Amino acid sequence: MRVASPMNKPPMSMEHPDHSDTSELLPLSPCALVSGLDPFGRLEPIGGDHAPGERPKRTAVDYRMLWKTAIHQQILLLRMEKENQRLEASRDELHIRKMKLNYEEVGQCSKDAQALWEKKLCAPGRTTVPQDKEEMYRALCQGVPKSRRGEVWLLLSHQHRLRHRLPQRQQAPDTPYRDLLKQLTAQQHAILVDLGRTFPTHQYFSAQLGAGQLSLYNLLKAYSLLDTEVGYCQGISFVAGVLLLHMSEEQAFDMLKFLMYDLGIRRQYRPDMISLQIQMYQLSRLLHDYHRGLYNHFEEHEICPSLYAAPWFLTLFASQFPLGFVSRLFDFVFAQGTEVIFKVALCLLSSHESEIVKCDNFESIVDYLKTTLPSLNQTQMEQTIAKVMDMDISKQLHAYEVEYHVLQDEMLDTGPLPDDSERLDKLEKTNAQLKKQNMDLLEKLQAARQKIQSLETSVDNFLSRESKMKHMIRSLEQERAAYQKTIERMRSCLPPDALTDVEMTQIKTGPNGKAKTAAKKP
């Protein structure tokens, strides 16, 4: 009876006058709830010969049955408790996942697109065999299911790594995530200060030192230890936060390494920030070439791109724009790299050009760019994404980067020119020459890439043929060994005199060049 779990003192209607101690225990089975509340009542022999009120004598079989029943019920209780714990954990995990993905998606993902991604995410060899890049991009344009977005990002990163292998010296250090968490970082104070500033209105990150902030702290701490040159920069926390909303900590750490190293985003977080300066110059040149009116308006009020666009590049738009819009941009960043950031910036500025031009002073323009412009509605976000899909500015970005470096070299090599107009003429001539040279180099580069691709295809074909030939040679060697064993067995079966006759057989060559063997005795 002590095996049963004790319960609270029962009500007066359930108490038994003669067995007050035993009534405070849970019954071993529903059968014990019969009249008398005697837990042993069901074991009493029916029609037994004993005086009224006298407890019958128990046998060993009776007690064994009682213990067996009690043990079975205790096992059942333990199993039910474990199952309840598992259900609670599953419920908590589902609640956290729902909390993470609590944002309005940009554009609805059709059922066909969902089925296509389901097929791609379940395909064998998806992390080891390169898939068609154009087909992947078309699927990306159709939409990505929010619940599988993290898995899609992982797939896109694996495909990129299969096609673009970084040199050994440019790869991220191969230190396990769990080992990094055991170390201390000098950036701890800066990380802790920024935890509350990262997505402060999102439920997952809003709780002070809650699950979201702790995961974000772990991720930022691990990366600051992995990349000692960059360490920690404020913008990284927003990028890491977006990753954490769609995947686990370790997966988010791997994707953060992919964005930083494989896609080269870490260059803009370096202490010298030269890469960020180049990006600001490229954006300014894009405005100059494609939206001259807006460019002139900015120049008139002395507004440089770093005043409004630096947070866009450092946080990948995550610090100011709606989370659904940012998540959709991440889809294309994983597929096309940092070029997407320029596309989005250019589309946003061009779509708001008329409103920006109406702002007639420095303060109103900056205020519009920092507060009004990021407040996009659903239609504006969908239109921006549609424009980004159709835009291609890779050649222009490359040309502007070369132009920036040439201008920097000229400023270092030459002294100040006597007249601004003369300097402007010289810069324009240099710019025209550089554009021409750059276009020629781009054509040569594309031709070289096509040649490299064809050579790689040929190498793959040769390797495949070599593998088939090796397999054929091995099979022929095995067949030859089998024939030799057969010959040896046949020789062992021949009598000695017949074996001598076989060995004396001579091969004669006829006038037609074919070998003839002498007649063998039967």
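These legends describe close-up views of one predicted protein model.

The model is predicted, so local features need pLDDT of at least 70, side-chain atom pairs count only at pLDDT 80 or more, and totals for chains, interfaces and linings use all residues. Residues are numbered from 1 along each chain as its sequence is written, and side-chain values use heavy atoms, with hydrogens and water left out.

**Figure 1. Overview of the protein.**
The protein has 21 helices and two strands. Helices (H or I, at least four residues) and strands (E, at least two) are DSSP runs, numbered from the N terminus. The protein has 522 residues, and 36% of them are buried. Buried means under 20% relative accessible area, exposed means over 50%, and partly exposed lies in between (1.4 Å probe, protein chains only). Contact means heavy atoms within 4.5 Å. Among contacts between residues at least 6 apart in sequence, 73% join residues at least 24 apart.

**Figure 2. Helix α11 packs against helix α15.**
Helix α11 covers residues 274-290, and helix α15 covers residues 339-351. Their axes lie 11 Å apart, at an angle of about 40 degrees. Axes are lines fitted to C-alpha atoms, for helices over the stretch in contact, and angles run from 0 to 180 degrees between N-to-C directions. The two helices, α11 and α15, are therefore oblique to each other. Angles under 35 degrees count as roughly parallel, over 145 as roughly antiparallel, 65 to 115 as roughly perpendicular, and the rest as oblique. The crossing of α11 with α15 is right-handed. A crossing is right-handed if the near helix is turned clockwise from the far one by less than a right angle, and left-handed if anticlockwise. From α11, the contact uses Gln279, Gln282, Leu283, Leu286 and Leu287. From α15, it uses Phe342, Ala345, Leu346 and Leu349. By class, this contact of α11 with α15 has seven nonpolar, two polar and no charged residues. Ala, Val, Leu, Ile, Met, Phe, Trp, Tyr, Cys and Pro count as nonpolar, Asp, Glu, Lys and Arg as charged, and the others, Gly among them, as polar.

**Figure 3. Gln282 in helix α11.**
Gln282 has 5% relative accessibility, so it counts as buried. A polar atom of the Gln282 side chain lies 2.8 Å from the backbone oxygen of Leu397. Leaving aside residues up to four places away in sequence, Gln282 touches Phe342, Leu397, Tyr400 and Glu401.

**Figure 4. Ile393 in the loop between α18 and α19.**
Ile393 is buried, because its relative accessible area is 3%. Ile393 and Phe342 are 51 residues apart along the chain, yet their C-alpha atoms are separated by 8.4 Å. Ile393 touches Leu286, Glu339, Phe342 and Lys343, residues up to four places away in sequence not being counted.

**Figure 5. Helix α8 crosses helix α9.**
The axes of α8 and α9 come within 10 Å and cross at roughly 125 degrees. That angle makes α8 oblique to α9. The crossing is right-handed. Ser215, Leu216, Leu219, Leu220 and Tyr223 are the α8 side of the contact. They meet Ile236, Ser237, Ala240, Gly241 and Leu244 in α9. The residues of this contact of α8 with α9 divide into seven nonpolar, three polar and no charged.

**Figure 6. Tyr232 in the loop between α8 and α9.**
The loop joins α8 (211-226) to α9 (234-244). Tyr232 has a relative accessible area of 11%, so it is buried. Its side chain makes a polar contact of 2.7 Å with the side chain of Asp194. A polar contact is a pair of N or O atoms within 3.5 Å; within protein, one must be able to donate a hydrogen and the other to accept it, and residues adjacent in sequence count only if both atoms are side-chain atoms. Not counting residues up to four places away in sequence, Tyr232 touches Gln187, Ala190, Ile191, Asp194, Leu220, Ser224 and Ser237. Tyr232 and Gln188 are 44 residues apart in sequence and 9.1 Å apart in space, C-alpha to C-alpha.

**Figure 7. Positive phi at Glu302 and at Leu316.**
Most residues other than glycine have a negative phi. Glu302 is not a glycine, but its phi is positive, about 55 degrees. Glu302 lies in the loop between α12 (292-300) and α13 (310-315). With 70% relative accessibility, Glu302 counts as exposed. Leu316, also not a glycine, has a positive phi of about 55 degrees. Leu316 lies in the loop between α13 and α14 (323-336). With 3% relative accessibility, Leu316 counts as buried.
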